[in-house]
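The sequence and the structure are shown first.

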Amino acid sequence: MTLIKSVTLIVVFLNVLTAPITGQSAPPPPPPVPQKYNPPPKVPGATVRGKLVYADTGAPVRYALIGFTNIDGNRTSGEFVRTDEHGNFVYENLKAGAYYPVVKNRGILNPEAFNSRAITKKDRLTKLESTFPRVEVESGGQYQIMVRARRGATITGAIRYFDGEPAVGLKVEALPAIGEENSLLSSVMANGLYTAETDDRGVFRFSGIAAGPYLVRATEPVSHKNKKVYSYSSGMDFLAFGENPFRTYFPSVGDLKSAEQVEAYYGGTTEGVNITLPERTLYDVAGIVVRKDTGEPLRNFEVSFVPIKDDEEKDGSNRSTRALATMIRATSNTWNYGDSLPAEWTITNLPAGKYRLTATQKPQYRSSSKTDAPMPEQARYPSVSQDIEITDGDLSGIRFEVPVGGGLSGKIVREDGGDLTDFLMLTAKNEETGDIVRPNYLSGNNQRSKDKRSAPFDFGRLQEGDYRIELMSAGFFVKEIRVGNSIAENKVISLENGEDLKNVTVVVSTDMGRINGTVVGHGQGEEAFIVALEASEDASSVFLFGGGKTARVKDDGSFSMSLPPGEYALVVVSRSSAPQNPRDIPAWIEEQREGAVRVEVISKQEKSVQLTQR
């Protein structure tokens with residue numbers, strides 16, 4: 001009994017020590033123990049064992065890479081495995097689904113051969129189904145297959161200079177021809193599907209390509225940079241979108257319309273596709289950039305050029321890829337040349353013809369080896385352009401007179417005060433020239449921006465004129481534009497030389513209207529789009545296959561698009577009905593506007609329409 005009493009006294013004493021003192025709060029409970037994350041069970045993939053042989057001989061395809069692509073033929077499943085000396089392979093952990101085999105070996109036809117945008121989706125799926133065996137697997141399944149690899153078509157030839165010497169290391173392309181009449185659409189839609197390089201004998205070879213007609217062309221790697229040490233040129237060549245005077249088509253012609261189509265056959269070789277490059281006379285163009293009002297030389301400008309054809313005002317559109325010419329940087333904060341470097345520019349190796357030159361001020365950058373002291377404020381200037389013509393000699397003394405221009409900056413906000421998206425595309429369109437300018441800075445495109453309710457923008461310096469402000473971002477449209485306490489009429493801002501508008505507020509809204517419709521006469525698999533044109537909008541800014549106020553027509557003929565409130569003309573455009581030459585598409589769309597269905601879009605309302613594909 002005595003021992004039990006002692007234990008009891010000790011327990012009571014401990015309880016007294018651990019009890020809270022009167023007037024004090026109890027200690028906080030311990031933090032909860034975090035629950036361990038249990039990932040979902042991994043679904044086992046299928047195992048495919050097989051043998052790869054040539055379809056025409058039955059011989060094994062040794063040491064080739066084999067994988068699988070989905071039934072659309074545009075996405076591979078992942079890794080490739082290599083066949084052994086007998087053509088056998090084992091592919092493990094293939095996700096459940098339907099696939100076509102993909103073989104990486106020279107001369108073998110693959111589903112990627114039909115990924116060219118030169119053919120419709122319907123035709124691509126038909127070719128895939130008729131050419132490649134379909135492999136369907138389920139999770140955890142074991143499969144044994146025989147893959148018969150089909151030999152693709154082959155095109156080969158040689159490229160030589162005008163004096164008979166082989167053209168070594170030249171880029172050669174085989175572009176799927178669209179229709180009997182050659183057009184730029186072939187080069188645009190092909191996306192560089194087949195590219196080769198000439199060897200030390202000037203010989204090129206395309207193998208494993210799809211059968212059909214092709215346009216074959218060679219491109220000379222001509223540089224347009226100044227040879228002086230302080231001049232720089234970007235690595236870009238002539239226009240990627242449009243004609244290039246340094247391209248020569250089979251059979252040794254520079255004009256796309258005069259090119260001959262080359263027919264390729266499965267299992268066969270089309271030989272003798274030879275091209276002789278012409279002897280060229282090239283010229284240099286040089287000049288200076290000065291401030292218009294004072295004549296002061298301006299440094300740190302880039303001069304670019306775009307070829308101009310006789311039958312058009314400018315080549316392509318504002319989306320054309322420009323070849324960059326000499327870039328002069330003379331600021332002491334960038335290079336150690338200081339003010340001793342002249343504000344001159346030179347473009348070399350241009351053939352005779354008409355060109356549009358554009359001088360653009362480059363941003364000022366700090367060298368990483370310099371001090372962290374603040375950079376001096378740099379005067380900003382707008383871009384200017386002028387047209388020239390090269391006939392039979394070099395051009396010098398071309399003078400760019402750059403006006404002071406006006407500044408345009410501000411912020412984008414939502415009408416309801418909500419958050420903006422991370423991707424915004426703001427533009428300013430010159431009402432007189434039609435040129436479209438994008439901001440030098442737009443913080444809404446920075447996903448790390450903390451304030452999602454406001455996106456500051458800065459267009460830099462623009463030439464004097466009237467500018468229409470537009471926003472090409474999904475789900476938003478420009479509701480109104482405030483310049484200080486005033487509202488810009490028709491969303492157009494007038495800018496004068498020397499003026500600096502810093503308090504521009506672009507108010508955007510999400511109160512779109514919606515159009516749901518069907519297209520009568522639309523063929524399944526045919527690629528078509530709906531273009532919505534406002535009453536006051538011309539078709540020059542329409543970029544057909546994506547972007548702008550466009551919507552893709554589905555295989556069943558249905559479409560849906562969200563639009564800002566207003567009146568629109570809806571035009572159906574398909575690859576089969578639109579002009580082959582992309583430059584002719586805007587004028588063609590304007591012609592279609594005449595008989596187009598017109599609809600009024602009202603905010604937060606849906607409308608149904610029926611269109612007919614011509």
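## Gly267 and its contacts

Apart from its neighbours within four places in sequence, Gly267 is in contact with Arg151, Gly152 and Ala153 in this predicted model. The residue belongs to the loop that lies between strand 15 (262–264) and strand 16 (269–270).

Is Gly267 buried or exposed? Its relative accessible area is 57%. Because this value is over 50%, the cut-off for exposure, Gly267 counts as exposed.

## Leu109

Leu109 also lies in a loop, here between strand 5 (97–104) and helix 2 (121–131). Its relative accessible area is 2%; since burial requires a value under 20%, Leu109 is classed as buried.

Which residues does Leu109 contact beyond its neighbours within four places in sequence? The partners are Phe114, Thr131, Phe132, Arg150, Arg151, Gly152, Gly208, Ile209, Ala210 and Tyr266. Arg151 and Gly152 are among the contacts of Leu109, and they are also among those of Gly267.

Thr131, 22 residues away in sequence, is 9.1 Å from Leu109 in space. Gly267 and Leu109 are 158 residues apart along the chain, and their C-alpha atoms are separated by 9.6 Å.

## Strand 36 and its pairing

Strand 36 covers residues 528–534, and six of its seven residues are buried. The strand is therefore largely enclosed by the rest of the structure.

Strand 36 pairs with strand 39 (residues 566–574) in the antiparallel sense, over seven bridges. Within this pairing, Leu570 in strand 39 is the bridge partner of Ala532. Strand 36 also pairs with strand 37 (residues 550–552), again in the antiparallel sense, and this pairing has three bridges. Here Val531 stands opposite Thr550 of strand 37.

## The chain as a whole

The protein chain contains four helices and 41 strands. Of its 614 residues, 43% are buried. The accessible surface comes to about 33,100 Å², and carbon and sulfur atoms account for 49% of this area.

Methods
Residues numbered from 1 in each chain as written. Predicted model: local features only at pLDDT ≥ 70, side-chain atom pairs only at ≥ 80, totals over all residues. Heavy atoms only, no water. Helix = DSSP H or I, 4+ residues; strand = E, 2+ residues; numbered from the N terminus. Buried < 20%, exposed > 50% of the residue type's maximum accessible area, 1.4 Å probe, protein only. Areas by Shrake-Rupley, 256 points an atom, 1.4 Å probe, with all protein chains shown as cover. Contact = heavy atoms within 4.5 Å. Pairing = 2+ DSSP bridges.
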